[in-house]
Amino acid sequence: MTDLSMTIGGERVDAPSTFGVVNPATGEVHAQAPDCSREQLDQAFEAAAKAFVDWRSDEDARRAALTEAANAMFAAGERIGPVLTAEQGKPLAAAGVEALAAGFWLKYFADLETPREVIQDDAAAYAEVVRRPMGVVAAITPWNFPIVLASWKIAPALLAGNTMVLKPSPFTPRSTLLMGEILSEVLPPGVLNVVSGGDELGKWMTAHPTPRKVSFTGSVATGKHVNASAAPDLKRVTLELGGNDPAILLDDVDPAEMAEKLYAGAFDNCGQICSAIKRVYVPEALHDDVVDALSARVAAAKVGDGMDPESEVGPVQNKPQYERVSELVADALAGGATATTGGAPVDGPGYFFQPTVLTGAAEGTRIVDEEQFGPALPVIPYRDIDDVVERANATTFGLSGSVWSPDVEKAGAVAERLECGTAWVNAHVALGPHQPFGGFKWSGLGVENGPWGLAGFTEIQVQYRAKG
Ligand code: NAD
């Protein structure tokens, strides 16, 4: 028994066994979560398939239910926040905001118009393109934004008329279990099923014969496995994967002004954002001033348990990730880089790492070439625009990037040359439910959000009526 249950067919269901969930602020197991059995996963898919029959048939009912789901999430911040902070580590205020953001996403899709498109109306025929639901969706989420990223899948998939089985990361299962319990109060049984378990459960889901679509957010390595696993029966797949976003500063930026913006873009959520700034490119002449201003801002960040209202930066979410960040920073330092602030784990319990700015690390260093996904940021000098654009694009990642300058046109011209799903000017991690979000190259397949994300949960059907 655990205090939070899986939701299968509208019922709260315990699993035959449980697994421990660690609080990253202490490094200790603080709670248990149900470990879904294979039979229970079958039951979840069966419940979703059964619910699909009615759910697909009434769009008005779906919109009404999604509006209620949005309201339930708007009201859930104080319930979800502490559960999320205890397992994820992020500051409590940010954890509560995840519930609000999920409400915002649900409301956006509840209200999104889905017009039928007439493609022919002449003497021969009347023809329309319409969108049909796919059936049952298997949704798999990571540990950095468990609630928000679940809503990116739930809202469009359900609006389109699909039903879902959702599995959160084993590192952060409890907030999503709670979300499932809350939404089960307003959604018909079986429309949204939430199960928890380890990575093995994810493998069972992608190989299962029932779902027609896998919607996955996580790492590149796992995304490739998911794609392969979904291929034999041609399940549709959307993959939102990792990034190694460059931020390019042009030669007319004000270093003092950039400090706060770079800090927010790189260190929010302890740097654990797929589209966080992970490399900063600065003109040689501005390098030292930018490093000084940024280092001062980063050094001032208060690191601590997310339950402490003073904390700006929580712990790294889990031990393997903490070890990875530690390893990448140590590797850079051993290769001759300098930490102008931070550079090491924080002494004491939990997975705390000092927010770190690195200079003297360039391409060829792991922390520049790989996705660090943590509170450590390399600042890299460049000579000219052609050089920096080439270096920004010379990666297998292509999630997003940004260019910064008071001259928006000049920055926009450089942003046009970035090979990535979102190219920002004077912003980074500026996301919304109306904006399609996805990656070029190994950063993903397909997009989420907006009408384009909704389309990813549908099949196109032509309705053709011959005349005469
Ligand atoms: P992960 O790939 O390790 O795990 C993600 C999910 O996949 C978890 O629920 C996990 O249990 C499950 N899983 C693991 N192996 C599986 C398998 N073989 N088959 C099916 N499911 C499996 O990723 P993570 O460490 O939880 O998340 C961090 C990564 O996610 C980073 O690379 C980050 O950039 C990426 N991410 C991407 C986006 C985006 O929208 N592009 C958003 C957030 C995070």
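Tutor: The lining of the largest cavity comprises six nonpolar, six polar and three charged residues (Ala, Val, Leu, Ile, Met, Phe, Trp, Tyr, Cys and Pro count as nonpolar, Asp, Glu, Lys and Arg as charged, and the others, Gly among them, as polar). This is a predicted model, in which local features need pLDDT of at least 70 and side-chain atom pairs pLDDT 80 or more, while totals for chains, interfaces and linings use all residues. Residues are numbered from 1 along each chain as its sequence is written, and side-chain values use heavy atoms, with hydrogens and water left out.

The largest cavity (grid points, 1 Å apart, where a 1.4 Å probe fits but cannot get out; lining residues have an atom within 4 Å of a point) has 15 lining residues, and P246, R279, A392, S400 and E419 are the ones nearest its centre. Two or more lining residues come from each of β12 (245–249), α13 (385–393) and β17 (400–404) (DSSP runs of at least four residues for helices and at least two for strands). Its volume, the space filled by probe spheres set on the points, is about 70 Å³, and the whole structure holds five cavities of 30 Å³ or more.

The largest pocket (an open set with protein on both sides within 12 Å along at least five of seven lines) has a volume of about 980 Å³. Of its 35 lining residues, W143, F216, G218, S219 and T222 lie nearest the centre, and α7, β10, α8 and α11 (319–334) each contribute two or more. The largest contribution to this lining is that of α8, with six residues, and by class the lining divides into 15 nonpolar, 14 polar and six charged residues.

The ligand sits in this largest pocket (more than half of its atoms lie within 2 Å of the grid points). Its shell receives two or more residues from each of α7 (199–207), β10 (213–217) and α8 (220–230), and α7 gives the most, with three. In total 27 residues surround the ligand, the closest being K167, D199, S219, L241 and E371 (each with a heavy atom within 4 Å), and they comprise 13 nonpolar, nine polar and five charged residues. Ligand oxygen atoms lie 2.9 Å from a side-chain N or O atom of W143, 2.8 Å from one of T222 and 2.7 Å from one of E371. Of the 860 Å² that the ligand exposes when taken alone, the protein buries 91% (Shrake-Rupley areas with a 1.4 Å probe).

Notes:
A polar contact is a pair of N or O atoms within 3.5 Å; within protein, one must be able to donate a hydrogen and the other to accept it, and residues adjacent in sequence count only if both atoms are side-chain atoms.
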